[in-house]
Amino acid sequence: MSPVIMDEYTQKTKIWLDERFKKCDKNGIYYAHQPIYGLKKGYSESGLINRYIITWQIMKALAHLKFGSLIDIGGAEGYKAWVAERLFGVNVKNSDLSPEACKRCEEIFHIESIPVDIHKLPFENNEFDVALCSETLEHVADLPQAVNELLRVSRKAIVITVPHEPKETVDKIKKEGIVHGHIHHFDLESFNFLKAEGCQVIAQKMISPRLKKFSLYHLGKKAASLQIRAHEFVCQFTPSYNAILFVILKDGVFWSTKATCNISAYQIINLKVPFHYLA
């Protein structure tokens with residue numbers, strides 16, 4: 001197989017990501033992208049509740065699919081692949097543009113993780129039942145090509161999450177050339193073009209800006225669970241939202257209206273690993 005030739009923007013993003021996933025404190029504790037160490041444990045990026053919301057909604061969506069294999073493309077240190085493995089008992093793999101992120105995944109979660117460029121994935125057609133791509137497509141150089149690759153390697157469905165922010169904000173980031181910035185704007189209709197290719201598209205609002213100042217997680221897990229569920233409730237009844245979950249089905253028969261299991265926000269919060277020390 002010939003080597004993948006990356007565009008300049010993707011090369012710069014890869015360098016940025018590699019540096020980020022080497023990050024640790026003075027004692028050598030890895031500073032995680034996702035809240036892998038649990039609620040209020042620290043050593044992870046800010047926006048903890050939003051990250052839990054996204055993970056919870058992904059797992060609830062997966063509960064409507066019958067699948068035996070999943071790959072998380074752009075999965076960072078492998079947190080969501082690990083959660084899916086724990087909850088559904090399926091075969092999972094992780095992948096990321098950054099080899100350093102893939103190292104963290106294999107060290108922390110013992111899940112196979114492959115460095116990839118989403119624009120040219122090194123997988124066979126329909127190799128995985130489900131391809132997960134969370135908080136990644138807003139960063140890619142060629143969005144149509146990335147989506148085509150996700151469709152190619154998934155047999156049943158793609159689960160995608162992306163931010164929803166003003167187009168003016170995205171345009172400013174693009175103009176300034178910020179590495180690993182959000183360079184694509186998304187709304188609830190962004191993937192409707194795939195309906196013409198025979199796909200079924202389900203879109204769901206996540207993260208309510210109306211609850212920006214509503215903070216309970218410092219009171220404990222049950223309070224944090226309430227805060228997470230409140231976002232789902234408010235998003236159902238108000239027009240504003242800060243993130244979107246898409247389920248793109250290659251065939252509607254793969255989706256069950258009834259979930260195979262109940263996934264609670266409290267379950268997600270309770271999934272954690274011990275602190276990971278880098279050499």
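Predicted model: local features only at pLDDT ≥ 70, side-chain atom pairs only at ≥ 80, totals over all residues.
Q: Which residues of α7 are called buried, and what covers them?
A: Buried requires under 20% relative accessible area, and in α7 the residues that are buried are Ala223, Ala224, Ser225, Gln227, Ile228, Ala230, His231, Val234 and Cys235; what covers the buried residues of α7 includes α2, β6 (200-206) and α8.

Q: Why is serine 46 called exposed?
A: Serine 46 has 63% relative accessibility, and because exposed means over 50%, serine 46 counts as exposed. The place of this serine is in the loop between α1 (8-20) and α2 (48-62), where serine 46 touches Tyr31 and Arg51, not counting residues up to four places away in sequence.

Q: Which members of the largest nonpolar core touch the most other members, and which element gives the largest share?
A: Of the 56 residues in this core, Ile36, Met59, Leu62, Phe88 and Val159 touch the most other members. Elements that each supply at least two residues include α2, α3 (79-88), β5 (154-163) and α7, and the largest share, 10 residues, comes from α2.

Q: What is known of a second core?
A: The second core is separate, has 30 residues, and includes Leu143, Leu150, Val201 and Tyr241.

Notes:
Residues numbered from 1 in each chain as written. Heavy atoms only, no water. Helix = DSSP H or I, 4+ residues; strand = E, 2+ residues; numbered from the N terminus. Buried < 20%, exposed > 50% of the residue type's maximum accessible area, 1.4 Å probe, protein only. Contact = heavy atoms within 4.5 Å. Core = buried A, V, L, I, M, F, W, Y, C linked by side-chain atoms within 4.5 Å.
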